[in-house]
Every structure is written in C-alpha cells, then in structure tokens.
Amino acid sequence: MLTPVLLSGGVGSRLWPVSRELHPKQFLALAGELTMLQQTLKRTGDLESSPPIVVCNEEHRFMVAEQLRQVGITASALLLEPEGRNTAPAVALAALQEFARDPEAVLLVLPADHLIRDTAAFAAAVTRALPLARAGRLMTFGVVPSAPETGYGYVRCGAALGDELFELESFVEKPDTATAQSYLDSGSYLWNSGMFLLRAATYLEQLGEFQPEMLAACRRAMSAATADMDFIRPDAEAFRACPADSIDYAVMEHTAQGGVVALDCGWSDVGAWSALWDVGTRDPEGNVCQGDVMLDNCRDSYFRSESRLVAATGVADLVVVETADAILVADRNQVQDVKRIVNRLKQEHRPEVALHSRVYRPWGSYESLVTAERFQVKRIIVNPGQTLSLQMHHHRAEHWIVVHGTAEVTCEDKVFMLAEDESTYIPLGHKHRLANPGRIPLELIEVQSGTYLGEDDIVRFEDVYGRNTPNTSATEKTQ
C-alpha cells in the first residue's frame with residue numbers, strides 16, 4: 001500500500017510574524033480555509049492509500065492531532081521527534097514504523113507546509129511514478145519551472161524512464177539568475193520540491209549503505225519507542241545521537257537508484273511572503289489583501305491584517321503583515337531577509353519569536369488582553385469536552401467570568417457549574433481545575449492578580465494530556 005508521510009517539523013521563520021516557533025506555518029490557513037497541514041492531508045484523498053504517518057515535534061503534537069480531527073482523518077502513527085535532526089532521520093523513523101507493519105510499503109513523503117493548486121495533476125504524477133517506486137527507484141518530484149527562480153534548488157534529469165519520468169542525474173544548489181536562466185533554457189532541470197516516493201525497504205537499505213550511523217541510531221530509537229496516548233515517542237537519548245542531514249545529502253545524491261517524476265501542478269513551498277502574493281488573487285492594481293485592509297493608490301503589494309484595520313496610501317512593492325503583537329513592513333523583493341529579524345528576536349530573547357498573543361493548548365487557547373504590574377487579563381477558550389489540568393499557583397489568585405457556554409469548576413473539594421454572566425474566585429494556593437462539559441466552546445475572562453504572573457508559576461497534579469510526564473517541555477508547563 002501507499003502510505004503518505006507528512007513531515008511537520010518546520011518553523012516557517014520567513015513568514016514571521018504570523019508563523020511562530022510554537023505555531024508555525026503548517027498549522028495556519030494561509031491560502032484558503034484549511035491549514036497547510038490539512039490541505040496536504042486532503043490532497044492525498046485522491047490516492048488509494050493507507051492512513052498517513054505524521055512526523056512532528058513534541059511541542060506541536062496536540063495541534064497536529066486536533067487538525068487531523070477537524071478534517072476527519074485518523075493517522076496510523078503520530079511520531080514525535082525528540083529533537084529536530086533534518087529530513088533523513090525523520091523519514092527513517094517513518095520507514096521503520098511502516099516497514100514493521102508492511103514490508104512492501106511505499107512512502108509518499110510530503111512536507112506539511114507546501115501548496116499545490118492542481119491536486120489532480122499531483123495525483124496523476126504519483127500514479128505515474130508508483131510502478132518505478134515499487135520496483136526500487138527512490139523517486140523525487142521535480143517541479144516544471146515557470147521562471148528562472150534563484151530561491152529553489154534544482155534536479156537535473158537524466159535518461160527517460162517513461163512519460164515524464166527520468167533517471168536522477170544530480171541535485172544542484174540554488175543558482176544565480178544567469179545560471180537559473182540557463183537551466184530553464186536547457187529543459188533538463190526541474191525545481192527540487194522536497195517530495196519523494198519510495199519503498200520503505202529500499203530507503204532503509206540505501207540509508208544503511210551511505211549513512212549507517214544514522215540508520216543505527218534511528219533503529220535504536222524506534223526499538224525503544226514508547227506509546228503515549230495517540231503518540232509514538234522514539235527513545236530520546238538514542239535519537240539525539242543520530243547525525244542530522246537532509247534526505248538529499250544523506251541518500252539521494254549518492255544512490256544509483258534515484259529517479260525523477262516531472263510535476264506541473266501549481267506548486268509552491270510558500271517559503272516567503274512574496275509566494276503568497278504570487279499565488280493570491282490580485283486587484284486591478286496588483287495588490288493582494290487579506291483581512292481588514294483599506295488602500296489608496298497602492299500597487300503590487302501584499303497586505304494582511306489579523307486583528308485591526310491596516311490602511312496604506314501611495315506605496316508599491318511592499319509586504320505589510322499585522323498581528324495582535326507585531327507588524328512587519330518589508331520590500332516585496334527582499335522578504336527572504338525576514339529571517340534576519342527572527343534571528344535578532346532570538347538573540348534578544350523576545351517572546352514574539354515563539355508565541356502569539358493567542359497561545360494554543362490541547363484543550364483550546366488563551367489570549368493576553370491586558371498586562372500590567374500585579375494584574376493580567378486573559379481571554380480563555382476551552383473546546384467542548386476538554387479539561388485543563390488540576391493545578392495551583394504560588395503567587396497569584398484568579399477571577400473567572402463566563403461570557404459564553406458553561407464551565408465546570410473544581411476549587412479544592414468543591415465542584416460546581418457556572419453559566420454565562422456568572423463568576424468565581426480562585427484564591428492563591430488553592431487546587432483548581434476548569435472544564436467544558438458542554439457542546440459549544442466555553443469562553444471566559446480571567447483576571448489574574450498577584451506578585452508574579454509568569455506562566456511558569458504552576459504546580460500540576462493531574463493532566464489528561466500527559467503533560468506532567470518527565471518528557472514535558474518547559475514551554476508546556478503552562479495552563
């Protein structure tokens with residue numbers, strides 16, 4: 001059977017400030033109503049395939065599970081990388097998982113954050129390449145170039161193996177403009193998409209030949225893996241000993257069994273804000289607008305508003321992106337440099353690099369509305385049927401006011417219900433829990449007061465999401 005493998009470990013730093021480390025671009029609806037992850041899942045629906053495997057990191061696991069639930073897809077495995085080691089080990093974990101179930105399995109390896117507008121053409125390319133993959137070819141998808149793009153790597157095609165199917169001659173790094181034009185003129189080069197079709201057994205065999213240390217570390221990690229709810233956790237110590245490398249460098253550049261399938265499907269890796277301008281619907285002046293935007297005498301620009309009105313006059317070739325806590329203004333032709341801003345935010349330990357003002361949790365989300373000395377106001381949304389941990393705080397008390405839905409409140413030995421417009425007080429040091437027993441989202445306003453309001457002031461006693469395990473990360477020790 002064909003098994004989709006979605007790689008969901010990226011952070012999408014060039015799409016800051018919308019994409020953040022703890023809520024990156026694959027979980028965002030950037031080009032349509034569905035998120036990038038959900039679109040990737042949906043496009044495999046035209047193929048006869050097994051349930052997908054998703055490889056993600058620890059901190060994104062509940063977002064992955066929730067987004068699968070929203071589109072009615074159940075994964076065969078949710079593999080949690082203890083640490084990012086690039087794509088070659090990630091694919092090895094999935095290959096080991098699926099090979100144990102089906103030694104003849106063929107993996108369709110897809111980054112979870114790419115855009116494909118012609119899904120029928122994509123499905124047709126997979127179908128064309130599948131016989132070669134089953135025969136032992138490691139197939140990569142080469143996108144038919146529409147321009148001399150310098151932001152992508154390329155693959156050079158060798159001898160023809162069939163209709164739009166070729167031997168893999170070589171991988172080529174990102175070229176300069178003149179070289180990219182020569183690639184386009186030759187007709188022998190395609191964009192390197194980072195998507196693959198390969199037998200699990202063949203990939204593991206080739207990885208063992210060219211990267212034996214990597215394969216051995218992945219085998220050790222999977223042999224000692226543990227199950228946690230719907231998640232599979234490879235052994236952390238074994239996996240951290242694994243060399244980090246991409247599948248291109250680790251295997252594809254060395255193998256004699258590589259192949260290429262040409263793909264013309266409106267593909268984009270959405271690697272920068274300019275890509276969303278490229279694929280967006282433009283007004284007569286060439287502007288793409290998302291959200292509450294008002295323009296006067298502007299052209300060839302991308303404007304995105306997430307929380308308030310964005311107005312502009314007399315500008316051209318700009319990218320303007322507004323979120324609740326940050327605004328980006330950039331030259332549309334230099335948006336790749338946004339990564340330098342992200343690096344500075346990291347160096348200065350700014351929270352905007354990792355978190356939005358709205359923070360997602362497995363039970364729902366919370367959003368900081370007002371923060372000042374000794375008090376903070378939050379908007380909290382608890383999804384139907386979800387429950388926060390039983391917890392306490394050493395330095396703050398909390399007032400809860402229900403504005404929508406019904407809350408079940410535990411405070412010490414009392415359990416009671418709150419309806420809309422009702423409130424309660426949680427004294428400092430009291431064990432408490434909040435739950436939504438209803439069928440609609442619970443929304444409440446929380447007013448915190450105390451000497452310290454940091455998210456790390458929490459002692460967790462019980463948690464249905466397993467966040468009080470030794471594997472719990474520092475960023476999850478909140479709410």
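**Salt bridges, close up**

Mentor: The count comes to 25 salt bridges, where a salt bridge is a side-chain nitrogen of Lys or Arg within 4 Å of a carboxyl oxygen of Asp or Glu. This is a predicted model, in which local features need pLDDT of at least 70, side-chain atom pairs count only at pLDDT 80 or more, and totals for chains, interfaces and linings use all residues. Residues are numbered from 1 along each chain as its sequence is written, and side-chain values use heavy atoms, with hydrogens and water left out.

Start with Glu58. Its side chain meets that of Arg233 in a salt bridge, at 2.6 Å from N to O. Where do the two partners sit? Glu58 lies in the loop between strand E2 (53–57) and helix H2 (61–70), and Arg233 belongs to strand E11 (residues 231–233), so the pair ties together parts that are 175 residues apart in sequence. Helices (H or I, at least four residues) and strands (E, at least two) are DSSP runs, numbered from the N terminus.

Glu58 also has a salt bridge with Arg61, at 3.3 Å from N to O. Are Glu58 and Arg61 buried or exposed? Both are buried. Arg233 is buried as well. Buried means under 20% relative accessible area, exposed means over 50%, and partly exposed falls in between (1.4 Å probe, protein chains only). Now join the pieces. Salt bridges that share partners link Glu58, Arg61, Asp228 and Arg233 into one network.

Next, take another pair. Lys346 forms a salt bridge with Glu21, and their closest N and O atoms are 3.7 Å apart. This pair links distant parts of the chain, 325 residues apart. Lys346 is in helix H11 (residues 338–347). Glu21 is in the loop between strand E1 (2–8) and helix H1 (36–43). Lys346 is partly exposed, because its relative accessible area is 41%. Glu21 has 27%, so Glu21 also counts as partly exposed.

Now set these pairs in the whole chain. The chain has 11 helices and 30 strands. Of its 479 residues, 53% count as buried. Its C-alpha atoms fill a box of roughly 75 × 60 × 40 Å, taken along the principal axes.

Lys346 and Glu21 form another salt bridge.
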